[in-house]
Amino acid sequence: MNLMSNGARPIEILLVEDSIDEAELTMETLREGRVSNKVHWAQDGEEALDFLRRQGRHGGAPRPDLILLDLHLPRKGGHEVLAEIKSHPQWKRIPVVIMTASTDEKDILAAYDRHANCYVTKPIELDKFMEAVRSIEDFWLSIVHLPAA
Amino acid sequence: MPEARDTAIDILLVEDSPDDADLMIEALKESQLALRVTLVEDGEQALAYLYRQGAYLEAPRPNLILLDLHLPRKNGHEVLAEIKEDAALRRIPVVILTASENEQAILQAYDLHANCCVCKPADQEQFALVVRKIEQFWLRFARRP
């Protein structure tokens with residue numbers, strides 16, 4: 001059941017994740033979801049910003065409706081990427097869900113202080129990991145009214 | 001039970017419609033977690049509660065705020081802007097609830113750093129389901145400060 005009306009087009013998700021295994025598992029879990037979505041994968045913080053700026057190989061990138069952002073990333077860390085997104089006049093309205101292994105209270109506070117939209121920890125066990133991804137899908141893609149532009 | 005009180009999750013519900021507020025409180029009562037829901041009916045009261053002014057000197061810091069956009073005295077956007085500009089309050093997750101799918105109002109809320117926006121379905125059962133989904137996600141899966 002889809003309770004909101006984001007229209008017929010698939011929801012564009014930008015996944016920023018350096019672990020190939022976790023990225024594949026996240027994408028696979030989202031693909032199995034009920035809500036039509038398209039996941040774009042950036043492997044580090046610089047690539048995430050290239051995607052948003054439509055630079056380099058991301059020239060034709062769509063504006064994401066939702067960003068799933070890991071904190072521990074090569075080249076540019078998740079906190080820095082988050083701060084850039086949330087201080088940019090056009091990008092700041094895009095919801096950013098922090099998805100990280102870190103349960104450190106300092107990371108949680110820093111993320112919310114930088115206007116992360118929410119913070120979800122990635123459990124190590126496979127089943128729990130998929131459950132966490134499904135909880136994001138179940139809420140952010142089904143219940144939340146995402147910004148239209 | 002004093003122990004339950006100490007670990008209870010505080011939710012501030014800012015809603016001027018008594019019907020909507022009743023429905024939401026009832027839906028939240030089904031939670032398996034110990035919740036303490038405080039209802040305030042306008043924007044001025046919400047800020048007095050958060051700043052612990054007047055009748056709210058002893059008010060706890062809420063763990064989650066459910067904020068309607070259409071409020072008397074001070075509207076939801078103004079309340080949201082104040083919360084998200086305050087260094088101590090900004091980290092409290094704010095879920096915006098709005099009756100209409102007014103895209104402009106929703107965009108403005110995201111620009112003011114609402115944590116998420118949810119439309120209230122007209123159907124009561126669907127509305128209760130939406131409230132339970134908010135409870136499930138924010139209180140069970142999301143990590144809050």
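Which residues in H2(B) meet which residues in H6(B)? The first legend below answers this for a predicted model, in which local features need pLDDT of at least 70, side-chain atom pairs count only at pLDDT 80 or more, and totals for chains, interfaces and linings use all residues. Residues are numbered from 1 along each chain as its sequence is written, and chains are lettered from A and ligands numbered from 1 in the order in which they are written.

**View 1. Helix H2 against helix H6 in chain B.**
B:Leu23, B:Met24, B:Ala27 and B:Leu28 in H2(B) meet B:Gln124, B:Phe127, B:Ala128, B:Val131, B:Arg132 and B:Glu135 in H6(B). A contact here requires C-beta atoms, placed from the backbone, to lie within 7 Å. Of the residues in this contact, seven are nonpolar, one is polar and two are charged. Nonpolar stands for Ala, Val, Leu, Ile, Met, Phe, Trp, Tyr, Cys and Pro, charged for Asp, Glu, Lys and Arg, and polar for the others, Gly among them. Helix H2 spans residues 18–29 of chain B, and its axis lies 9 Å from that of H6(B), at an angle of about 50°. That angle makes H2(B) oblique to H6(B) (under 35 degrees counts as roughly parallel, over 145 as roughly antiparallel, 65 to 115 as roughly perpendicular, the rest as oblique). Axes are lines fitted to C-alpha atoms, for helices over the stretch in contact, and angles run from 0 to 180 degrees between N-to-C directions. The crossing of H2(B) past H6(B) is right-handed, meaning that the near helix is turned clockwise from the far one by less than a right angle.

**View 2. The open sheet of chain B.**
Five strands lie in the order E2-E1-E3-E4-E5, with parallel pairing. Helices (H or I, at least four residues) and strands (E, at least two) are DSSP runs, numbered from the N terminus; two strands pair if DSSP finds at least two bridges between them. Strand E2 (35–40) and E5 of chain B are at the edges with a single partner strand each, so one side of each has no neighbour in the sheet. From one strand to the next, the twist averages 20°. Strand E1 (residues 9–14) and strand E3 (residues 64–68) of chain B run parallel and are joined by four bridges. B:Val14 is opposite B:Leu67 in E3(B). Helix H3 (residues 43–50) of chain B packs on the sheet, where it touches E1 and E2 of chain B, and its direction makes about 135° with that of E2(B).

**View 3. The open sheet of chain A.**
The strand order is E2-E1-E3-E4-E5, and the five strands pair in parallel. At the edges stand strand E2 (37–42) and strand E5 (118–121) of chain A; each has a single partner strand, so one side of each lacks a neighbour in the sheet. Strand E1 (residues 11–16) and strand E3 (residues 66–69) of chain A pair over four bridges. A:Leu15 is opposite A:Leu68 in E3(A).

**View 4. The contact of chain B with chain A.**
Chain B gives 24 residues and chain A gives 25 residues. Helix H5 (103–111), strand E5 (116–119) and helix H6 (124–141) of chain B each give two or more residues to the side that touches chain A. That side of chain B has 14 nonpolar, three polar and seven charged residues. The predictor gives the complex an ipTM of 0.92 and a pTM of 0.93.

The pLDDT, the predictor's confidence in each residue from 0 to 100, has a mean of 93 in chain B. Where pLDDT is low, the predicted coordinates should not be read in detail.

Note on methods: Contact = placed C-beta atoms within 7 Å.
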